[in-house]
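Notebook open. Today I'm looking up how two chains meet, and then what sits around one ligand.

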Amino acid sequence: MAVQDGMSITMMPPFPARKATYDMQTLKDPKQDLFNLYPEAPLCRNCNACTEACPQKIDVREGVWKAVFGDFKSVSEMFMDCVMCGMCTPVCIADIAPNLVALYVSRAQGAHFTEKPLGLDARIKEIQDGRFDDEWATILKMTEKELADHCATVK
Amino acid sequence: MDIHALQQIVHGTRDARRKQTLPKFSPADRDQLIHKYHPDYRERAYRPIRFGPNRGDKTVIELASLLEGDSSIADEFDLTADYTTDVLVVGGGGAGCAAALHAHTSGAKVMLATKLRLGDSNSVMAQGGMQISVAPGDSPVTHFVDTLKGGHMQNDHQLLKVMVEEGPSIAKWLLSLGVLFDRDGDGNLHVKKGGGSSKPRLLTCSDYTGLEIMRVLKDEVLNQNIQLLEFCAAIELTSDEKGNCTGAIFKDLDNHRHVVVAAKSVILATGGIGRLHIQGFPTSNHYGATGDGLCLAYRLGAKLTQIDTFQYHPSGAVYPEQLIGALVTEGIRSEGGHLVNAKGERFVNELDTRDVVSSSIIRECEEGRGIRTMSGRVGVWLDTPLLDAEHGPGTLEKHFPAMMLQFDRFGIDISKDPVLIYPTNRLMGNSLLDLMVFGKRSGLTAAVRAAAMPQGKLTVGHLKGFRAEAKKHGSSNGIVSPMILPAYTRKE
Ligand SMILES: Cc1cc2nc3c(=O)[nH]c(=O)nc-3n(C[C@H](O)[C@H](O)[C@H](O)COP(=O)(O)OP(=O)(O)OC[C@H]3O[C@@H](n4cnc5c(N)ncnc54)[C@H](O)[C@@H]3O)c2cc1C
Ligand code: SF4
Ligand code: SF4
């Protein structure tokens, strides 16, 4: 519904759901850890209330199941639209906070199950090894005019 | 005329336009265009600041009034600290979270206080992506040069070098926390080409880049148990007898009580000023973007830099009414979307720099080639259906899901109909990178500083001097700053 005359609008505080705390980088077995961090996740009763509540049209229920079955990749793709409004949480009859489960799963997918981009590591090493130092020296020595001319040659 | 009838010209001219290539402006034409139409050059929108560290410098009237504004804190205010910490971070956007996390990792005791909820910020809304030179054909030096060009050679060279060189390690840090940047088939980071840059360099998470980064950073702030104060707006800083900052005074927006925090180091990360609506421009900024940190720092004696330039994003929505000012991502233009005036013509190379594109949209509208909506707003068309025509059906759906959904709520299918846009304002470019790099650096520096010094005394002594100066210059203007939240109630 759009904003209308006379309507008052309140900023909702976040719904007080229990958020598990974890150190993403040191997790040993993130797929198994899901069950320690969010033991209620496998108790989903398929009522679909979360999906109906979601303003971003995410199939939240499906996401919870996929998380439990270890399909972290699909969950991370499905929940890219999640704005963390928390609307899926108070409606859940199994006390699951689906958005928090999905956030954990998506982060684990990124930190543990996605290929490391080799090009990025190569670039970081180039910078550390001073590969661009000569170029920097040249550029930083230029007068304003020289620099402007140099910039104009880069298209 | 009805908006749908007006759209027909865009559909009608699409095929002809697809064959066209528009050259970029020559440097001379470009300067002329910007001087004539860019909002930064509108004399009457500016005035000199009357007193304080930037006395005599020109800035937009809206900001000048707030900088000269008075504090709501009286001289005899009770400054007993409610909390004590090593590092106090004010602001819960990207810069604030990055600073807090890095200070925490260096072993400092950190508190993060923010005006609304953690993450309610401009950072969550960034869609277009984050510039980092990771591609093999690209380099930090090229990134430096592109940025200088975009900034008309005005950027600080040292700061800029730091920013472009630290970019790749920031990307690595974010990846290690689980941020899901888009990838190429070979696992490398996918890069897109942004307006005004010579190489593809934008890292993206579809069109949810800021949201994805912020989801992760927020989660990490909570995981690290960093102490949080939400719905608390900083309204004044405290200082010791030497004028060093020693903490801050907050107003709890729920119960209107004051909260005093003593800190050895204070980091202001309160973001931009879009909600001041300078020069009457609509804004894409979040509700709390009222430049509060600028006012606080100014009263404590900080000289502000670059307060005469603001960024006007070329494409803010003009229709429907509910989306006014909402950003239409640059990505649409990067992928070939045309800008089209009321006559069905293109009028600028869509990938020119933002100031050029914004200026030429303003030119079209001022010279009568804009499209007027029923509520009297003016804009130009952005031909979104062209993307599906060019790259195959489903392109918009796949690459711009956030934008599809945003317009779909109002019954508009952007893959079928073009959208109407006009420049809107916000601050800074390269910003997502900027805030990560400098957020990190301030967090680290603050932690080191805090470890090496005692907690200073809490006073508001600096207000005495500021108020005396205000009085000398024709007294205060009756405005109390910071603004905290903009008022939109109808003025009867
Ligand atoms: C719609 C949109 C799209 C954008 N797209 C891109 C993009 O594609 N790429 C890019 O690089 N940049 C983009 N930007 C710019 C970029 O997002 C911002 O420059 C950047 O996020 C600013 O980060 P920040 O942390 O400094 O400020 P913010 O993210 O705005 O955070 C400021 C925080 O401070 C809090 N705060 C304010 N006042 C007070 C107070 N008095 N007391 C306590 N807390 C306070 C606010 O509530 C907020 O949490 C975009 C900006 C917008 C608005
Ligand atoms: S938190 Fe995410 S998944 Fe849950 S309702 Fe909101 S948008 Fe949907
Ligand atoms: S609301 Fe809870 S129980 Fe119902 S489908 Fe969603 S996760 Fe399962």
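How many salt bridges does the rule find across the interface of chain A and chain B? I get five, taking a salt bridge as a side-chain nitrogen of Lys or Arg within 4 Å of a carboxyl oxygen of Asp or Glu. One I looked up joins the side chains of A:Lys19 and B:Asp219, at 2.7 Å from N to O.

Notes on the source: this is a predicted model, where local features need pLDDT of at least 70, side-chain atom pairs count only at pLDDT 80 or more, and totals for chains, interfaces and linings use all residues. Residues are numbered from 1 along each chain as its sequence is written, chains are lettered from A and ligands numbered from 1 in the order in which they are written, and side-chain values use heavy atoms, with hydrogens and water left out.

Next, the extent of the interface. I find 50 residues of chain A in contact (heavy atoms within 4.5 Å) with 58 of chain B. The two chains bury about 4500 Å² between them, 62% of it on carbon and sulfur atoms; that is accessible area (1.4 Å probe) lost on being put together, summed over both parts. A:Met80, A:Arg107 and A:Trp136 supply 17% of the area that chain A buries against chain B, more than any other three residues.
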